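Open the model in your viewer and keep the selection tool at hand.

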Amino acid sequence: MKVLGIESTAHTFGVSIIDNKKVLSNHKAVYTTEQGGMIPYEVSEHHYDNFMRIIKESLKKAGISLSEIELISFSQSPGIGNTLRVGAVVARSLAVNLNIPIIGVNHCIAHLEIGNMVFPECKDPVLLYVSGANTQIIAFEANRYRIFGETLDMGVGNFIDSFARYIGLGFPGGPKIEKLASQSKNYIKIPYCVKGMDVNFGGILTNLKQKYKKKTYKTEDLCYSLQETIFAMLTEVSERAMAHCSKNELLLGGGVACNKRLQEMCEIMCKQRGAKLYVPENQFLVDNPAMIAWLGFIKYRSGIRQKIEDTKIQPYLRTDEVEVIWR
Ligand code: AMP
Ligand code: MG
């Protein structure tokens with residue numbers, strides 16, 4: 001079955017074509033800035049400006065025509081209202097005009113489900129989902145994807161980007177911070193914030209900003225200490241979730257999971273527990289339309305159907321509110 005998936009929860013407008021398990025194209029336009037962060041209406045303008053081009057280029061890469069598409073899938077939740085709406089309107093227009101079914105999916109769950117597409121042996125993992133807006137430790141228990149731990153304030157990516165912005169780096173800040181961190185091995189003590197199974201970053205951000213303002217610390221040392229601290233926090237709660245759920249697979253998802261030091265810490269932890277770490281390639285870690293197409297496909301394959309009236313965006317829908325009837 002040929003599926004066209006659309007991602008538009010935040011900075012990325014992407015269109016992917018898959019044919020069952022085969023990813024024919026995974027194409028996107030990503031909003032970035034030299035300085036400053038994301039302003040919702042500017043990001044949605046970016047998506048409006050790019051959606052037609054991305055659809056055309058994605059079809060061309062896949063080598064198929066629009067009339068061959070059999071299902072439209074799109075991110076319906078959660079995300080920035082302005083940007084979600086662009087994807088939803090494009091998805092509805094395509095489905096109605098082509099007279100084909102439409103399925104809306106939850107973006108966070110798509111990050112988890114793509115793991116099984118890429119690694120068929122990865123069947124029941126704990127997902128450490130670390131992106132710009134989201135930080136959640138998710139696992140399937142008692143018929144739902146449950147959140148076993150999460151951020152109590154901002155997403156880890158937003159935290160990294162906020163500090164990056166403060167020290168004059170553009171968006172996204174993660175790769176730039178990673179590069180600076182790799183130039184140091186000098187750990188400076190900053191707060192370590194794990195509250196039960198949850199984490200928070202606001203206090204760490206304030207502390208880092210104060211240290212940066214003093215001008216007595218090297219920027220590289222601050223970036224190194226930032227990474228060592230927050231990745232240890234995330235590895236700690238992931239390990240506890242694995243122990244609690246008796247699961248021996250850890251899957252990474254989200255843009256922050258591209259970070260080599262986070263991958264290394266998770267690898268060490270998994271090895272010590274006799275568990276297996278799964279890290280999809282970067283194109284499937286970051287926000288991508290292939291995971292949206294894939295989740296739409298497996299929902300449809302399981303018999304789920306959706307009316308156009310039920311395709312309204314759900315910007316605040318939580319992972320554990322989704323009824324999982326496709327597994
Ligand atoms: P996503 O929302 O999943 O597309 O992820 C975007 C977030 O990932 C942004 O906050 C980026 O700064 C962050 N990010 C991307 N690459 C890296 C990296 N190598 N290290 C840390 N964070 C990263
Ligand atoms: Mg994401």
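A residue counts as near a molecule if one of its heavy atoms lies within 4 Å of that molecule. Keep in mind throughout that this is a predicted model.

**Stop one: ligand 1**

Select ligand 1 and show its surroundings. Which residues come nearest? Of the 15 residues around ligand 1, they are D161, G174, E178, G255 and N259.

Now zoom in on three of these, one at a time. At G174, look at the backbone: one of its N or O atoms lies 2.9 Å from an oxygen atom of ligand 1. At E178, turn to the side chain, where an N or O atom is 2.7 Å from a nitrogen atom of the ligand. At G255, return to the backbone, which has a polar atom 2.8 Å from an oxygen atom of ligand 1. On its own, ligand 1 has 510 Å² of accessible area, and the protein covers 92% of that.

Next, colour the helices. Both α4 (156-166) and α5 (174-181) supply at least two residues each to the shell around ligand 1. The largest share comes from α5, with 3 residues. By residue type, the shell consists of 9 polar, 3 nonpolar and 3 charged residues.

Follow the chain from H111 to D287: the pair is 176 residues apart and links distant parts of the chain. H111 belongs to helix α3 (residues 107-118), whereas D287 sits in the loop between α9 (282-285) and α10 (289-301). Are these two buried or exposed? Both H111 and D287 are buried.

**Stop three: C266**

Select C266, in helix α8 (residues 260-273). Why does C266 count as buried? Its relative accessible area is 0%, and the cut-off for buried is under 20%.

Then show what surrounds this cysteine. Leaving out residues up to four places away in sequence, C266 touches L128, T235, L250, L252 and L277. To finish, draw a distance from C266 to N207, which lies 59 residues away in sequence. From C-alpha to C-alpha, the two are 25 Å apart in space.

Methods
Residues are numbered from 1 along each chain as its sequence is written. Chains are lettered from A and ligands numbered from 1 in the order in which they are written. This is a predicted model: local features need pLDDT of at least 70, side-chain atom pairs count only at pLDDT 80 or more; totals for chains, interfaces and linings use all residues. Side-chain values use heavy atoms; hydrogens and water are left out. Helices (H or I, at least four residues) and strands (E, at least two) are DSSP runs, numbered from the N terminus. Buried means under 20% relative accessible area, exposed over 50%, partly exposed in between (1.4 Å probe, protein chains only). A polar contact is a pair of N or O atoms within 3.5 Å; within protein, one must be able to donate a hydrogen and the other to accept it, and residues adjacent in sequence count only if both atoms are side-chain atoms. Accessible areas come from the Shrake-Rupley method with a 1.4 Å probe; for residues, only the protein chains shown count as cover. Ala, Val, Leu, Ile, Met, Phe, Trp, Tyr, Cys and Pro count as nonpolar, Asp, Glu, Lys and Arg as charged, and the others, Gly among them, as polar. Contact means heavy atoms within 4.5 Å.
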